[in-house]
Amino acid sequence: MADSDSTLSAPLAAPPLSSSKENITPVSAKIAELNESRSELLTRIQSLKQDLQSWRSKLDTQVKIYRDELLEVKKSLNVEVEQLRSEFQELRTTLQQQQEDVTASLRNLELQDASGSAVESVVASKEEGPTGEHKSPVKEDNRLSNN
């Protein structure tokens with residue numbers, strides 16, 4: 001059993017030198033292939049970076065254009081709103097003036113009606129006789145022509 005232990009504990013022998021030379025050649029080919037793949041990937045990454053920068057630049061330009069257009073629209077809307085406010089204020093002032101004019105006219109008419117009623121009552125009382133009958137000029141003319 002001592003022999004079996006010695007064979008198990010003995011270190012593994014290195015592969016022959018000829019097989020390691022054969023392995024080196026494919027590894028160098030793999031390294032060259034990986035280097036080529038790496039350079040292709042770097043080229044693609046650089047291209048993508050340039051595309052991204054171009055896209056950002058175009059996007060920034062469009063955003064600036066839209067912002068400027070929106071500012072113009074905002075300014076024109078503010079001008080229109082101010083014009084409408086001014087026109088509504090003018091309408092409000094005109095309506096208040098017209099309301100005041102109508103109110104004043106109605107007051108004048110009430111005063112005229114009141115003074116006209118007073119004048120009419122004075123005239124009517126003069127036309128009535130002592131008995132309270134209403135004398136009309138036509139009846140007086142008839143009486144004169146009958147006498």
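The structure holds 1 salt bridge, a term used for a side-chain nitrogen of Lys or Arg within 4 Å of a carboxyl oxygen of Asp or Glu. Please keep in mind that this is a predicted model, where local features need pLDDT of at least 70, side-chain atom pairs count only at pLDDT 80 or more, and totals for chains, interfaces and linings use all residues. Residues are numbered from 1 along each chain as its sequence is written, and side-chain values use heavy atoms, leaving out hydrogens and water.

**View 1. The protein chain follows the pattern α-α-α**. Of the 147 residues, 1% are buried (buried is under 20% relative accessible area, exposed over 50%, partly exposed in between, with a 1.4 Å probe and protein chains only).

**View 2. Glu 82 pairs with Arg 85 in a salt bridge**. Their closest N and O atoms are 2.9 Å apart. Both residues lie in helix H2, 3 residues apart, about one turn of the helix. Glu 82 is partly exposed at 46% relative accessible area, while Arg 85 is exposed at 54%. Side chains of opposite charge can pair when their charged atoms come close.

**View 3. Leu 52, Trp 55, Leu 59 and Val 63 make a nonpolar surface patch**. The patch covers about 370 Å². Trp 55 is found in helix H2, which spans residues 17-127. With 53% relative accessibility, Trp 55 counts as exposed.

Terms used. Helix = DSSP H or I, 4+ residues; strand = E, 2+ residues; numbered from the N terminus. Patch = residues over 30% accessible without salt bridge, like charges linked within 9 Å, V, L, I, M, F, W, Y side chains within 5 Å. Areas by Shrake-Rupley, 256 points an atom, 1.4 Å probe, with all protein chains shown as cover.
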